[in-house]
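Here is a friendly tour of one protein chain for you to follow on screen. Keep the picture open and look up each residue as it comes along.

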Amino acid sequence: MPKRPNILVFITDQHRFDALGCYGNNVITPNIDSLTQTGVLFKEAYACQALCLPQRVSMLTGLYPTAHGSTLNGIQLDDNLPIYPELLREGGYETYAAGKMHLNPISR
């Protein structure tokens, strides 16, 4: 069986690019900087929604808020929409989420 890559996604809230050394800034963030040496570091990334929950749902589904229906905080993820952690589980990955997600239930 071929070795599959580990996938680690960090999502930080209200975190600017200049708060990390890996972007060439004069701050000490050795652990995150180390991960960027062997992983993917996005140099240009944009949010499709300024509100927390709709943006998180967009990241989980790959859809714009107008397509997934969560256009405001408090409008939960549609249970019928596939999300990438579930697709990864179907592919044999173990998935885990921790922290502020604003999704109920987080177990999904």
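The points below go from the overall layout to single residues and the pairs they form.

Please keep in mind that this is a predicted model. The protein has 4 helices and 0 strands, and from the N terminus on its elements run α-α-α-α. Of its 108 residues, 24% count as buried.

**Overall layout**

- Along its principal axes, the C-alpha trace of the protein spans about 45 × 40 × 20 Å.
- Among the contacts in the protein with a separation of 6 or more, 32% are between residues 24 or more positions apart.

**Helix α2**

- How many of the 10 residues of helix α2 are buried? The count is 8 of the 10 residues in 52-61, so α2 is largely enclosed by the rest of the structure.
- The buried residues of α2 are Leu53, Pro54, Gln55, Arg56, Val57, Ser58, Leu60 and Thr61.
- Which helices do these buried residues pack against? They pack against α3 (65-68) and α4 (84-90).
- As background, an α-helix has 3.6 residues a turn, so residues three or four places apart point the same way.

**The nonpolar core**

- The largest nonpolar core has 8 residues: Leu53, Val57, Leu60, Leu77, Leu81, Ile83, Met101 and Leu103.
- Leu53, Val57 and Leu60 from this core are also among the buried residues of α2.
- Leaving aside neighbours within four places in sequence, Leu53 is in contact with Ser70, Leu72, Asn73, Gly74, Ile75, Gln76, Met101, His102 and Leu103.
- In soluble globular proteins, nonpolar side chains tend to be buried together.

**His68 in helix α3**

- His68 has its place in helix α3.
- Is His68 buried or exposed? His68 is buried because its relative accessible area is 6%, and the cut-off for buried is under 20%.
- The side chains of His68 and Ser58 are joined by a polar contact of 2.9 Å, and Ser58 is one of the buried residues of α2.
- Apart from neighbours within four places in sequence, His68 is in contact with Pro54, Val57, Ser58, Thr61, Leu63 and Leu81. Val57 and Leu81 in that list also belong to the largest nonpolar core.

**Two loop residues**

- Thr71 is found in the loop between α3 and α4, and with 33% relative accessibility this threonine counts as partly exposed.
- Thr71 and Pro54 are 17 residues apart along the chain, and their C-alpha atoms are separated by 5.4 Å.
- Once neighbours within four places in sequence are left aside, Thr71 is in contact with Gln49, Leu51, Pro54, Pro65 and Thr66.
- Leu41 is found in the loop between α1 (30-38) and α2. This leucine counts as partly exposed, at 24% relative accessibility.
- Not counting residues up to four places away in sequence, Leu41 touches Cys22, Tyr23 and Thr36.

**Rings and charges**

- The structure holds 1 aromatic pair. Phe17 and Tyr23 form this edge-to-face pair, at 6.2 Å centre to centre and with 85 degrees between the planes.
- Phe17 is exposed, with a relative accessible area of 52%, whereas Tyr23 is partly exposed, with 27%.
- Tyr23 is also one of the residues that Leu41 touches.
- A search of the whole structure finds 1 salt bridge. Arg16 forms this salt bridge with Asp18, and the closest N and O atoms are 2.5 Å apart.
- Arg16 counts as exposed at 57% relative accessibility, and Asp18 counts as partly exposed at 29%.
- Side chains of opposite charge can pair when their charged atoms come close.

How values were computed:
Residues numbered from 1 in each chain as written. Predicted model: local features only at pLDDT ≥ 70, side-chain atom pairs only at ≥ 80, totals over all residues. Heavy atoms only, no water. Phe/Tyr/Trp six-rings, centres within 6.5 Å; stacked < 30°, edge-to-face > 60°. Buried < 20%, exposed > 50% of the residue type's maximum accessible area, 1.4 Å probe, protein only. Contact = heavy atoms within 4.5 Å. Polar contact = N/O pair within 3.5 Å; in protein donor to acceptor, adjacent residues only side chain to side chain. Core = buried A, V, L, I, M, F, W, Y, C linked by side-chain atoms within 4.5 Å. Salt bridge = Lys/Arg side-chain N within 4 Å of Asp/Glu carboxyl O.
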